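Here are my notes on this one, as numbered points. Have the model open while you go through them.

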Amino acid sequence: MRFSELQLIRYGRFEDCSLTFAPAAGCDLQIILGPNEAGKSTTLEAVSDLLFGFGARTRFGFRFDQRLLRVGAVLETADGALDLRRKKGRIDTLLGPDEQPIADTQLSVHLAGQTRESFERMFGLDHARLREGGKAILAAKDSIGAAIFAAGSGMVQVSKVCDALEAEAKAIWTRTAGESRRYTAAAAAYQAAKSALKEAEVRPGVWSKARRELDAAEAALQTLKDARAEIALTQRTVQRRRVVLPALTRRALVLQALVDLGETADLSADGAQRCAEALDAAQTAGTERALGQAEAIRLERELEDTRPAAERLAVAPEADSLRELKGVVDQGAAEQATLQAQLESGATRIRIALGEIGWSDAPMDALTARLPGRPLVAELRDLIERRSGVDERLRATREAVRDAERAVARLEERLRGLPPTPDVRGLQDLLRTLGDGRSQSLEQATANHEEMERLLRARVGVLTPWTGDVAALRQMIVPANEDVDHALGHIDRARAKLEAETQACVRDAERQATLNLDRRQATLAHPLPSLETLVAARAERDEAWAPLRGQLRGETPREDMSVEADVFERTVSETDRLADERFAGAEHAGSLATLERDIERADLQLSQAQARRGAAVEDLTAATDAFAILVRGLGIPLSPEAYEGWVNARADALQAADALDLARQDLEAEQDAASGARSALLAALSPMEVPDDAVSLPQLLARAQEKVDAAAELSAQARELRGELNGATEAVDRTVAQAASATETDVEWAAAWAPALQRAGLAAEASVAGVRVRLDLIEGLRTDLSDQLELETQLAAITKSRTAFETRIRAAAERAGISEASTPGQTYAALQAATREEAAKAERAETLERALEVARSRVREADALRSTAESALAPLLAMAPDAELPTLRAVLGRATEGTRLKAEIEALGAELLKAGEGRDLVALTDEAAGADPDVLAAEAQGLSDRHEFLER
């Protein structure tokens, strides 16, 4: 990105100032030179305000209102030229050349992440910034300074390493043990762990006594466990006998039922289901076969009685065709009378038209031949249409000739009445030499001189409280820009430092108050029980445990120990609660100590921030005093904020004084030129035109211009009249030629009209209107003759169609063996009745044949179904080869019952093996032999009571 043009539209003391930076061949370094106070620093600040926006306060709004400040530029980017402006404001400050807001991204995308600070440090250096930058590079307090220092010295990241070492040292060794240093924290943690270990230690005598008590309790517990295991083993045996006894009884009963059933077919459940389905299918097949045979016999008899006659059935298609044709024949007979009436009406119209045309009656062929052709009719109609145009053209051209001749006469009369034109060529030359510019230049010079005087007074008035003239203002000694910029920069930095330190004091004070509040709340929220309270609670717990321990050892046996157990449980809960609170209090004490250290650190930070703020106040006071000493030579007190504006206003006042001197010189020159011009005009005008010598130069110029304008207007009128006269003469010639052409057209039309009438067979003396009417009658006659021929053709076709229809009826009746009736209509009706009857018989016979085939197919399907069922019944037929269906169903029932009993025996055996805990059926049978369910139940209850007693 590069600047092609910088526009100081309204910025500082500049208005509509533009700097163009055109690249030179081989070099693009642009250098701007100017004396002190010329505006170089202002231009540099304008570049920063354009790229990054105006600040909340600006030093360059002393001449224009803040809202009117504008700075613009034309930038050359990789995407093309970018024309933009910047105004002072909070939002939408980036504008286009039309003063409409544009997106900030259109500019920021070309800044490559630069900020105002980095841009001014890298590209906006002045004398003060160079000195400050050198100090910052040596200190390396920010990223840019560190980068420059590292690049120059070769020691990369050295400042960061130093900061890290300093922070680590502060974390280890701070002032006292009360601070949050790592060494102090580690020592405190070590002491706390040592105290906790000492408190958790147990004495040897106490440990030995507890060990003996534990061994005795474990021996008693093992004896009880052995007794419980023996009872559990006996319980499992009794319970197993109780579980298998019902299943063994049921299995014996099922085995006896299987023996009683006798020999049966060996069928699976699926095989039994298939045999049952096959029996049902065999029975259904027998029923279906009987019904199908009966139906087939009935259909064969009915089909024999329904056969149609072949000769009449063969005539049926012809009868159908005649039935379709009859509608057309009947419609033609109905239309014949109407067509005959139309034929007679047309003949009447033709005779009337012939009389109106003037032709005699004749046959239609002769009349058709006599009709003129359509091209001839079109030619006559075209001549008729052209006749009206010829008449109109003759009339219009005659009137145009008369009008043009009258116009020529009027223009010649007006031209003769004009006065002669005076000679004003000398006066015109003088006006061109002087013109209106002389008078306007004098007025402009006078107004400019007055404007410069007002501007100077206004700009000197802005310099208050200073008083004096322009000479004193020019001799005033102003401090150097570098010294002023350095002093102002010092003040700005001191103010920024003071503001930052003030905010730091506020933040540290707020943090200190928050930490103090946290300490008060933490102290009230976590009360800590004393060690004596905890020891007393533990003693009470041990006292409540003594009777329970004696009961367990058998020293003081009692039946009910519930009261002692409740007391012991309450004392244990209370002791645990106190121990938990003391432990939580210990943790809280640690966090409270941390909070105290944070409060001490916050106090130190606040005091340091207040000290830094006091130093910043002193620095600002010193910078302000130094500035006051620097500008003391101006003779008036000026604040740092007002200095830049006052100096710029002084430069504007001096510039206005220079402009007033130039305006005074221009006014004197214009006054001398106006005097010479007045003398020349008085000599050119006559005494009659200028009766008073006191007339001013503008009045003389106006009178001379009036005389020249009057002569020019008279000359223009004469030229205009002569031009109009020439045009009128040419119009007379044109209209005469047009009239001659119209006459020739009339003669040509008459020569074509008479032969056309003769070819059409019309009278030569007929008028144009009469010929138009006769042509319309001829066209109507042509249409009527065509309609007559069409009607005759239709009548002949109707007669021919009726004759052919009657002939076909007689031939069809003869083939069908039907006697011809007295009328063709009766014969047609008899034929239609006979063919419909035979067609119905044929349709019925076809239906019966399809039904017969269905019945026969039903018999075949029943035979196939029975054969399939017999194949499925092979196991049953092996048991009873000659048995009927009912007998086979009984055999199937016995086989199904045998299969069910075998499955039940197998399921009971599986159940017994599962409940027998690995024993086989023989062992389980022997174990349960002779057992009584009631005795087993009583034995199981006794064992359960003993086991429950041991568990308690």
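1. Some ground rules before the rest. This is a predicted model, in which local features need pLDDT of at least 70 and side-chain atom pairs count only at pLDDT 80 or more, while totals for chains, interfaces and linings use all residues. Numbering runs from 1 along each chain as its sequence is written, and side-chain values use heavy atoms, with hydrogens and water left out.

2. Back to H1. Its buried residues are Thr42, Thr43, Glu45, Ala46, Val47, Ser48, Asp49, Leu50 and Leu51. Buried means under 20% relative accessible area, exposed means over 50%, and partly exposed is in between (1.4 Å probe, protein chains only).

3. On to charges. A search of the whole structure turns up 26 salt bridges, each being a side-chain nitrogen of Lys or Arg within 4 Å of a carboxyl oxygen of Asp or Glu. One of them joins Arg85 to Glu99, with the closest N and O atoms 2.8 Å apart. Arg85 is in strand E4 (residues 80-87) and Glu99 is in the loop between strand E5 (94-95) and helix H2 (105-108), so this pair ties together parts 14 residues apart in sequence. Arg85 counts as partly exposed at 22% relative accessibility, and Glu99 also counts as partly exposed, at 30%. Take a look at Arg70 too: Arg70, Arg85 and Glu99 are linked in a salt-bridge network.

4. Helix H12 (residues 374-416) holds both Asp382 and Arg386, four residues apart, or about one turn of the helix. These two form a salt bridge whose closest N and O atoms are 3.9 Å apart. Asp382 is partly exposed at 40% relative accessibility, and Arg386 is partly exposed at 38%.

5. Which residue pairs with Glu501 in a salt bridge? The partner is Lys497, with the closest N and O atoms 2.9 Å apart. Both are in helix H16 (residues 481-525), four residues and about one helical turn apart. Glu501 is buried at 6% relative accessibility, whereas Lys497 is partly exposed at 43%.

Notes. Helices (H or I, at least four residues) and strands (E, at least two) are DSSP runs, numbered from the N terminus.
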